[in-house]
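Biologist: I have not looked at this one before. Can you take me through it?
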Amino acid sequence: MAKALIGHLPASDPHQAQELRRLRRRVGDLEAMVGRLSAENDALVAAYLALRPAEDAAPPMLPDPVRVSSHAETLRRSEEPAGV
């Protein structure tokens, strides 16, 4: 927690203050990029849905990681020799 608070304290070292400004600017740039990519993704999903037939309009979804991991666990158990 103390390390997280360092960014909120005034920097006494000019080099540290400069680095802090650079990192804050970088965080802002990355947050803006996430916003742009999210908007672009939303536009691509909308275009995808507009081109698909209505009966097949659901966007492709990745498998649920919980189901995949539990399925993998089930397969692993079924491959174990009996009595282990």
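The chat below goes from the overall fold to a salt bridge and a surface patch.

Modeller: Keep in mind that this is a predicted model.

Biologist: How many helices and strands does the protein chain have?

Modeller: There are 3 helices and 0 strands. Read from the N terminus, the order of elements is α-α-α.

Biologist: What share of the residues counts as buried?

Modeller: The protein chain has 84 residues, and 2% of them count as buried.

Biologist: And the accessible surface, what does it come to?

Modeller: About 7700 Å² for the protein chain, with 64% of that belonging to carbon and sulfur atoms.

Biologist: Switching to charges. How many salt bridges does a search of the whole structure find?

Modeller: The search finds 1 salt bridge. It joins the side chains of Glu19 and Arg22, at 2.7 Å from N to O.

Biologist: Where do Glu19 and Arg22 lie?

Modeller: Both are in helix α2, 3 residues apart, which is about one turn of the helix.

Biologist: How does Glu19 count, in terms of relative accessible area?

Modeller: Glu19 has a relative accessible area of 30%, so Glu19 is partly exposed. Arg22 is partly exposed as well, because its value is 40%.

Biologist: New topic. Which residues make the nonpolar surface patch?

Modeller: Leu30, Met33 and Leu37 make that patch, with an area of about 250 Å².

Biologist: Where is the place of Leu37?

Modeller: Leu37 sits in helix α2, which covers residues 14-51.

Biologist: Why is Leu37 called partly exposed and not exposed?

Modeller: Its relative accessible area is 47%, and exposed means over 50%, so Leu37 stays in the partly exposed class.

Conventions:
Residues numbered from 1 in each chain as written. Predicted model: local features only at pLDDT ≥ 70, side-chain atom pairs only at ≥ 80, totals over all residues. Heavy atoms only, no water. Patch = residues over 30% accessible without salt bridge, like charges linked within 9 Å, V, L, I, M, F, W, Y side chains within 5 Å. Areas by Shrake-Rupley, 256 points an atom, 1.4 Å probe, with all protein chains shown as cover. Salt bridge = Lys/Arg side-chain N within 4 Å of Asp/Glu carboxyl O. Helix = DSSP H or I, 4+ residues; strand = E, 2+ residues; numbered from the N terminus. Buried < 20%, exposed > 50% of the residue type's maximum accessible area, 1.4 Å probe, protein only.
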